[in-house]
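Dear colleague,

Please find below the structure that I am handing over to you, followed by an account of what was found in it.

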Amino acid sequence: MRIILLGPPGAGKGPQSERIVERFGIPQLSTGDMLRAAVAAGTPVGLEAKAVMESGGLVPDSVVVGIVADRIEEADAKRGFILDGFPRTVEQAKALDAMLAEKGLSLSTVIELKVDEDALVGRIAKRAEETAAKGLPVRKDDTPEVFKTRFDAYRRQTAPLSDHYSGTGMLETVDGMKPIDAVTQDLFALLERHAEKAVS
């Protein structure tokens, strides 16, 4: 299964991805990790990315897609993968679709964790208060102000992916405001259906 999990910061994509990895035995592919590994390995696209990063530039979509293309050829990704942090824009989504098509592959599903922004801000604020009350340092990402900034960036850049994948008939949604175990059950039920379809 080739999966993209969408959702804003704080929606729980990380914990749910870990559970999907454990249940279905497919790797979670983080673009940050893949970039660092490609640079360290000195692959052609890794060297290209290194040159861009050293000059202080943003790694272009074509290079990121090239790194994803190399990574999914590895043995552990043959049965599928979850993409983490990519695509972030509709342009990247189109480039990803084209690259997969060249390999004779396609995405199995795109699942969006639907959440309520106000409730999430409240959840983040409560977590920050509880952390501070224990005398522990509060992570910068765990302040409502930073969270709102990240959410705004998501809304501008990444939320249009919902419309893109909805238009292709690929998008499915799960209520991300449910308790974490209930979200996992809903995700597993969706993915089991896709696994059965792939076998039949």
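Strands E2 and E3 run parallel and are joined by three bridges; here strands (E, at least two residues) and helices (H or I, at least four residues) are DSSP runs numbered from the N terminus, and two strands pair if DSSP finds at least two bridges between them. Within this pair, serine 30 stands opposite aspartate 84 of E3.

Please note that this is a predicted model, in which local features need pLDDT of at least 70 and side-chain atom pairs count only at pLDDT 80 or more, while totals for chains, interfaces and linings use all residues. Residues are numbered from 1 along each chain as its sequence is written, and side-chain values use heavy atoms, with hydrogens and water left out.

The sheet

E2 and E3 belong to an open sheet of five strands with parallel pairing, in the order E2-E3-E1-E4-E5. Strand E2 (28–30) and E5 stand at the edges with a single partner strand each, so one side of each has no neighbour in the sheet. On average, neighbouring strands are turned by 30 degrees against each other, direction ignored; axes are lines fitted to C-alpha atoms, for helices over the stretch in contact, and angles run from 0 to 180 degrees between N-to-C directions. Helix H8 packs on the sheet, where H8 touches E1, E4 and E5, and its direction makes about 140 degrees with that of E1.

Strand E4 (residues 109–114) has five of its six residues buried, buried meaning under 20% relative accessible area, exposed over 50%, and partly exposed in between (1.4 Å probe, protein chains only). E4 runs parallel to E1, to which four bridges join it, and isoleucine 111 of E4 is the bridge partner of leucine 5. With strand E5 (residues 171–175), E4 pairs in the parallel sense over five bridges; there, leucine 113 has valine 174 of E5 as its bridge partner.

The nonpolar cores

A nonpolar core is a set of buried Ala, Val, Leu, Ile, Met, Phe, Trp, Tyr and Cys residues joined through side-chain atoms within 4.5 Å. The largest has 30 residues, of which Ile4, Ile67, Val68, Leu83, Leu96, Met99 and Tyr165 touch the most other members. At least two residues each come from elements including strand E1 (2–6), helix H4 (61–71) and helix H5 (90–102). H4 gives the most to this core, with six residues. Apart from it lies another core of 15 residues, among them Met1, Ile3, Leu113 and Leu187.

Leaving aside neighbours within four places in sequence, valine 68 is in contact (heavy atoms within 4.5 Å) with Met34, Leu83, Phe86, Leu96 and Met99.

Two individual residues

Leucine 100 is in helix H5 and counts as buried because its relative accessibility is 1%. Beyond four places in sequence, leucine 100 is in contact with Ile72, Phe81, Leu105, Ser106 and Leu107. Proline 44, in helix H3, counts as exposed because its relative accessibility is 68%.

The helix pair H6 and H7

The axes of helix H6 (residues 117–133) and helix H7 (residues 144–157) come within 9 Å and cross at roughly 150 degrees. The contact is made by Glu117, Leu120, Val121, Ile124 and Ala125 of H6 and by Pro144, Phe147, Lys148, Phe151 and Arg155 of H7.

With kind regards
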